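Visitor: Could you take me through this model, beginning with the overall build and ending with how its parts pack together?

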Amino acid sequence: MDWLNSIVQGVLVGGLYALFAAGLSLIFGVMRLVNIAHGDLIVLAAYLALATTQTLGVGPLGSLLVIVPLMALIGYTLQRFVLNRTLGEDLLPPLLVTFGLSVILQNGLLQVFTADSRKLQAGLIETASIPIAEGLSLGVLPLLQFIVAVAVIAGLQALFYNTPMGRAFRATSDDPSTAQLVGLDNRHVFGLAMALSLAVTAVAGVFLGVRANFDPSIGPARLIFGFEAVIIGGLGNLWGTLAGGIILGVAQAVGAKLDPGWQLLAGHLAFLFILAIRPQGLFPRVQD
Amino acid sequence: MSAQAAHIETATRASRIGVVAIALALAALAAAPFLTDGANLSLLAQIYAYLALATLWNLLAGFSGLVSVGQHAWVGLGGYGLFALTIFGGLHPFAAIPVAGAVAALAAVPVAGLLFRLRGSYFAIGSWVVAEVMRLAASQISALGGGSGTSLPVRVVASIAASRQEREFAVYWSALALVVAILALTIWLLRSRWGLSLRAIHNNELAAVSNGVEVARVRLFVYVLTAAGTAMIGALIFLQKLRISPDAAFSVNDWTAFVIFITVIGGVGRIEGPVVGVVVFFVLRQTLADLGTIYLMMLGLVAILVMLKAPQGVWGLVADKWGVEIVPLQRRVIYAKSAPGEPASARKEEPKP
């Protein structure tokens, strides 16, 4: 039962990793951009949520009403004024610009919020749990986080395949010059994609902050978890990304159960193992 | 055009002057231990280490299109290799440096096998995962202090040289020798057949493949070579520090971010770029490092601005404006003066990348 408990908790954490990954996967799908600052933007969202809860006196979930539009705005602005200039044949500019952005964000957060660990306080919900069986219970918060992750991915899936905006994303992804010929403004479409990506990041940041302590230096590790979930699940498949997040979460939980020092290592090794035996991921959709 | 005597050269007027200037500068740097104090020597050795790391990253990312953000994996492996080889293997520290390089080369082969499955940008993050795995693995080695690290034992330190001053000199000269060797090897490589292949892949991968360039083999060769060189520099860095810990050895800021900023600011894809970048970086560091986080933010901002406004870097701006190349890589056809009326002009054989 102890093991089952660990695995169930791993699955629930996997939802959070899928949230880290969804934003990353989305912008890669639309414009082949890999955002190295993605993890630091998640941490930024957590800090913005902290500031919101402190100034407005709302709870972390209430702060989403402020943080989601705010991060979307930051994403649109960032894309239009900085990242659009880096897109092209050459790999270096987008990688290096987002790498520079990552360093700026980390040190900026360090300057404003210091290196102290912080946490978002969600009140009673944090400790509430639903008993399932002897020795196995589901925390309300991890369960909520998992349900939100599934809902976000279902929402993105619906948006991609059933709305005009999703059609614009897919058209631009398939062939940017033809998309422009039929009247789409790629710069604007890319801006919207980044806005959507950072809106998802905002949700991820709030749940990250409620679940555990955070400080300015933890961004890169979140980027890596998200990236691993994307690759395990297969590029371009959002449900695959959820599966990837769950596999990563379970691998970490099992590793931690064996030895607390192996938690992160076990996750990375699971990723490398899948990369070795199935480099296209478990459920690939697009080739790149 | 009628048949006429011609030969191929890479040298330019600037490069001939450059060779003399470089020789003079090297002589002065080699004599530095007799001219300056220990603190300056240690600073110079750090500059050499960064110059070598930036040159190797440039070879990887600028010339071979393998944009790695995980080079700290190899710095850390080299550092830990040095400590393990001297403490457990009983090797002399200077013998341990090339052995650590060889160990990294061996490790780089399976790592490349995995990472090369990831295309383009995802290769970059994959290389970071490898560094994370190595950092976490290093913190599990309890014989080397686990997560908190360890110091180089006195007997190993004493085996470098008897007195403190002699040790400083020995480490300084080996750093100078290593950076000169790495620079020379890189220049030779880029002027050789391998360099032509790299340039062909960079310009048009499909065309390169159809002309018989074995892309996978060339990339593997460059990846393994840079891993070995980076690990040797890592070993030397931690021989100078005399203390190692997983966080210091596998620091993404120290061994990847700074190295990338140096190369980008100086000029990616040019041999002279890292040299210029390292000078700019150390001038900024010596004057602004007290600002701490603000300094790092400025460095990130400068790198972004360079990438957006002048992607050819500081050296690229200079080189393009005045047409100087200290280390020219392209071959040019020089026609003999025998044909009357035809000036002995130099025609570039291939366009700039």
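Visitor: What percentage of the residues in chain A is buried?
Guide: This is a predicted model, and what follows is computed from its coordinates. Chain A has 288 residues, and the share of them that counts as buried is 52%.

Visitor: Why does the radius of gyration of chain A agree with that of a compact globule?
Guide: The C-alpha trace of chain A spans about 60 × 50 × 35 Å along its principal axes. A compact globule with 288 residues would have a radius of gyration near 19 Å, and chain A agrees with this because its own value is 19 Å.

Visitor: How many helices and strands are there in chain A, and what pattern do they follow along the sequence?
Guide: Chain A contains 11 helices and two strands. Read along the sequence, these elements give the pattern α-α-α-α-β-β-α-α-α-α-α-α-α.

Visitor: Among contacts in chain A between residues at least 6 apart in sequence, what percentage joins residues at least 24 apart?
Guide: The contacts considered here are those in chain A whose two residues are at least 6 apart in sequence. Of these, the share that joins residues at least 24 apart is 75%.

Visitor: Which residues are in contact with Val206(A), leaving aside its neighbours within four places in sequence?
Guide: With the neighbours within four places in sequence left aside, its contacts are Ala45(A), Ala46(A), Ala49(A), Pro60(A), Ser63(A), Leu64(A), Ile67(A) and Leu120(A).

Visitor: Which helix supplies the largest share of the side of chain A that touches chain B?
Guide: The contact between the chains takes 34 residues from chain A and 35 residues from chain B. On the side of chain A, helix H4 (92-113), helix H9 (219-233) and helix H11 (263-277) each supply at least two residues. By class, this side has 25 nonpolar, six polar and three charged residues, and its largest share, 14 residues, comes from H4(A).

Visitor: Which helices of chain B do the buried residues of H8(B) pack against?
Guide: The 28 residues of H8(B), 164-191, should span 40 Å at 1.5 Å a residue, and the end C-alpha atoms agree with this at 41 Å apart. Its buried residues include Arg167(B), Glu168(B), Val171(B) and Tyr172(B). The buried residues of H8(B) pack against H2 (32-35), H3 (38-63), H5 (93-115), H7 (154-160) and H11 (215-241) of chain B.

Key. Residues numbered from 1 in each chain as written. Chains lettered and ligands numbered in written order. Predicted model: local features only at pLDDT ≥ 70, side-chain atom pairs only at ≥ 80, totals over all residues. Contact = placed C-beta atoms within 7 Å. Helix = DSSP H or I, 4+ residues; strand = E, 2+ residues; numbered from the N terminus. Rg over C-alpha atoms; globule rule 2.2 N^0.38 Å. Buried ≥ 20, exposed ≤ 12 C-beta atoms within 10 Å, placed from the backbone. Nonpolar A, V, L, I, M, F, W, Y, C, P; charged D, E, K, R; others polar. Expected span 1.5 Å × (residues − 1).
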